[in-house]
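Here is a structure to look through by question and answer. Each answer sets a value against its definition.

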Amino acid sequence: MIQDIIESQDCVGCGACAEICPKKCIELTVNKEGFKYPTINTEQCINCKQCRKVCPALNSEKVKLPKGKVYAAVNKNHSILMESSSGGIFSSISQFVLNHNGIVFGAAFDKNMILIHSSVDNKKDLERLRGSKYLQSDIQNVFKKIRKLISEKRYVYFVGTSCQVAALKLFLKTDSEFLITSDLICHGVPSPKAFNIFLKEIERKKNIKIIQYKFRDKSINGWNCSSSTAIAIDNKNNHIPQIRNYHPIHD
């Protein structure tokens, strides 16, 4: 079983073990800090060890790419560049995949401001996935969906943290010409619980409801420094002016 990984706190909450389990005896639950961790029904476990085989904490070396050339690039579309957190390359790769009847998977906030990995099959909805989000995302059943799409020979573009990308590759067990991945340089993610407390404090002090949040918004100071903005509504569902660089602790 994978219990020893969970207990050692090396688990990254990717959910691959829950998706691969043939007996469905692994479930992701939220711990006191707000991170998702697997819980195992040991009575149903058949000790097949599939969960261990897809765990990136145990097998990351198996899916590392060999050293290659490094390139720097930037999106030539200025409006997309300004909407992006960095150079806008995500949008360029996504448009290629969508042009070939593919599907793009990335992190987006839902209507309740919960960050989940979801899919987009058209350029109009691509903006939902654009931009960095600094918290742990809910993968849900994305790996199974990607496996099915690849089996149907449809292009898939998956973007996530390095542990999420490693988990996907371990889950699929084999390389595919129809899979493109981008993993982010990551030094850890905050928990959704911490982010939710932050949002609730803003809402409480300003008597509003936040419906959109954007990290590293270039519309404020361009590339000079990282800034954040929020879009909100009042108790009459009226949109209020954009909230910028708000820090509830110091307000």
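This is a predicted model: local features need pLDDT of at least 70, side-chain atom pairs count only at pLDDT 80 or more; totals for chains, interfaces and linings use all residues.

Q: What makes α8 a mostly covered helix?
A: Buried means under 20% relative accessible area (1.4 Å probe, protein chains only). In α8, residues 162–172, eight of eleven residues are buried. Among them are V165, L168 and F171. K173 follows α8, with a positive phi near 70 degrees.

Q: Why is a set of residues called a nonpolar core?
A: Because its members are buried Ala, Val, Leu, Ile, Met, Phe, Trp, Tyr and Cys residues joined through side-chain atoms within 4.5 Å. The largest such core has 23 residues, and F105, F143, I146 and F158 touch the most other members. Its largest share, seven residues, comes from α8.

Q: Which residues is I146 in contact with, leaving aside neighbours within four places in sequence?
A: Contact means heavy atoms within 4.5 Å. On that count, I146 is in contact with F105, V156, F158, L168, L172 and L179.

Q: How many residues line the second largest pocket, and what kinds are they?
A: Lining residues have an atom within 4 Å of a pocket point. Here there are 22. They divide into eight nonpolar, five polar and nine charged. β7 gives the largest share, four residues.

Methods:
Residues are numbered from 1 along each chain as its sequence is written. Side-chain values use heavy atoms; hydrogens and water are left out. On a 1 Å grid over the protein atoms alone, a cavity is a set of points where a 1.4 Å probe fits but cannot get out, and a pocket is an open set with protein on both sides within 12 Å along at least five of seven lines; lining residues have an atom within 4 Å of a point. Helices (H or I, at least four residues) and strands (E, at least two) are DSSP runs, numbered from the N terminus. Ala, Val, Leu, Ile, Met, Phe, Trp, Tyr, Cys and Pro count as nonpolar, Asp, Glu, Lys and Arg as charged, and the others, Gly among them, as polar. Buried means under 20% relative accessible area, exposed over 50%, partly exposed in between (1.4 Å probe, protein chains only).
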